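Visitor: I would like to learn how to read the strands and helices of a model. Please take it step by step.

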Amino acid sequence: MFVSYKKTNRHLMKNTILLLSLLLFFGCKENKKPQVIHVEKKKIHLPTFDKDRAYEMVKQQLAFGSRVPNSPAHKSAMQWILDRARSTGLKVIKQPFEAKRFDGVAMTGANIMIQYKPQLKKRILLLTHWDCRYTSDQEKDPEKKKLPVPGADDGASGTAILLELARALKAGQPPIGVDLLFVDLEDQGAASGNEESWCLGSQYWAKNKIPKGYQAQFGILLDMVGSKNALFTKEKFSERYAAFVNNRIWGAAKRSGNGQYFLSGEGRSVLDDHVFINLYARIPTADIIYTTSSTSSGFGSHWHTQGDDIQVISADKLGVVGKTLLQVIYEAQ
Ligand SMILES: [Zn+2]
């Protein structure tokens, strides 16, 4: 993606949320005393999100090497995602597809979806990309530029969080459908212009939905969500197409004790998978992505460099995002 136009344990964790606390005062002609109605606090029981397990899954992806399309690492990682997905016992769908890179290189890709309670109509879509960029084009050294990005944050962080969420959903059994979509060929686009050369897997899925006729109430995209420095602001396309989704995320972050990482300031415009999900799949979708005003690129200094490796990743940050998403899911039930 690029900034557009310059572009614990196995016990259930208890989270208490005050959904409604109404104090209604009725003027009473007879005794002049106000009547106070207390509405009971609704408790939400979230399953555990194991941040250390998520961190290990970032490491496991890195062990394959850069998951660049057509490479052995890409093939191995795809099989690993499928195996991890199937090990949850949830329904898994694979969508292979062919696409051309902006410079004509033929690529084979695969989108993978894990479906929790596929029979339910009320659903939420969570997605992330799992491929790695073929070039570290933000490096200054021409030799380093040629190397593919390790993709610890850009690819592996979101993938690890969604795989751990699959396990947490299976354990927690919320009464709402959730789909976890791992899209391929997101990060192979042209460095400038040609916006449709990015996000090829999400474009393909949005135009050829699996399952057929798929719909969800809303979607949330994760991209570069695992770095130590990551702080999140409301990305602008998300605000335009899915402001209510941003509000749910930001509210859930606060209520799950993670509000300090979700800032109130205005975010940037990022061309990312959610744009195509909004436009082509017509599912209002917001992007949780780390952007910053402290670098010229608008992203963390490790973005599209050799520095996007395990040392930038924080297990705590994976936990912040994972728990916030669980809160969103349980609040939407
Ligand atoms: Zn990227």
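Guide: Start with pairing: two strands pair if DSSP finds at least two bridges between them. In this predicted model, strand E6 (residues 123-129) and strand E8 (residues 218-223) have five bridges and pair in the parallel sense. Leu127 has Leu221 in E8 as its bridge partner.

Visitor: In which sense do E4 and E5 pair, parallel or antiparallel?

Guide: Strand E4 (residues 91-100) and strand E5 (residues 106-116) are antiparallel, with ten bridges. Pro96 is bridged to Ala110 of E5. The hairpin of E4 and E5 has five residues between the strands, and Gly104 in this hairpin has a positive phi near 100°.

Visitor: What is the order of the strands in the open sheet?

Guide: The six strands run E4-E5-E7-E6-E8-E12, and the pairing is mixed. E4 and strand E12 (285-289) are the edges; each has a single partner strand, so one side of each has no neighbour in the sheet. From one strand to the next, the twist averages 20°.

Visitor: Which strands does H8 touch?

Guide: H8 packs on the sheet against E6, E7, E8 and E12, and its direction makes about 180° with that of E8. Helix H2 (residues 72-87) lies across E4, E5 and strand E7 (177-183), at about 10° to E5.

Visitor: How is the packing of two helices described?

Guide: Two packed helices are described by the angle and the distance between their axes. Here, the axes of helix H6 (residues 236-255) and helix H8 (residues 315-331) come within 8 Å and cross at roughly 110°. H6 and H8 are therefore roughly perpendicular, and their crossing is right-handed. The contact involves Arg248, Ile249, Ala252, Ala253 and Arg255 of H6, with Thr324, Gln327, Val328 and Glu331 of H8. By class, the contact of H6 with H8 has four nonpolar, two polar and three charged residues.

Visitor: How does H4 cross H8?

Guide: The axes of helix H4 (residues 152-172) and H8 come within 10 Å and cross at roughly 45°, which makes H4 oblique to H8. This crossing of H4 and H8 is right-handed. Among the residues in contact are Ile161 and Leu165 of H4 and Leu318 and Leu325 of H8. The contact of H4 with H8 divides into eight nonpolar, two polar and one charged residue.

Visitor: Where does pLDDT stay under 50?

Guide: That is the case over residues 5-34, which have 33 contacts beyond four places in sequence in the model. For the protein, the mean pLDDT is 89, and 87% of residues reach 70 or more.

Terms used:
Residues are numbered from 1 along each chain as its sequence is written. This is a predicted model: local features need pLDDT of at least 70, side-chain atom pairs count only at pLDDT 80 or more; totals for chains, interfaces and linings use all residues. Axes are lines fitted to C-alpha atoms, for helices over the stretch in contact, and angles run from 0 to 180 degrees between N-to-C directions. Helices (H or I, at least four residues) and strands (E, at least two) are DSSP runs, numbered from the N terminus. Angles under 35 degrees count as roughly parallel, over 145 as roughly antiparallel, 65 to 115 as roughly perpendicular and the rest as oblique. A crossing is left-handed if the near helix is turned anticlockwise from the far one by less than a right angle, and right-handed if clockwise. Two residues are in contact if their C-beta atoms, placed from the backbone, lie within 7 Å. Ala, Val, Leu, Ile, Met, Phe, Trp, Tyr, Cys and Pro count as nonpolar, Asp, Glu, Lys and Arg as charged, and the others, Gly among them, as polar. pLDDT is the predictor's confidence in each residue, from 0 to 100.
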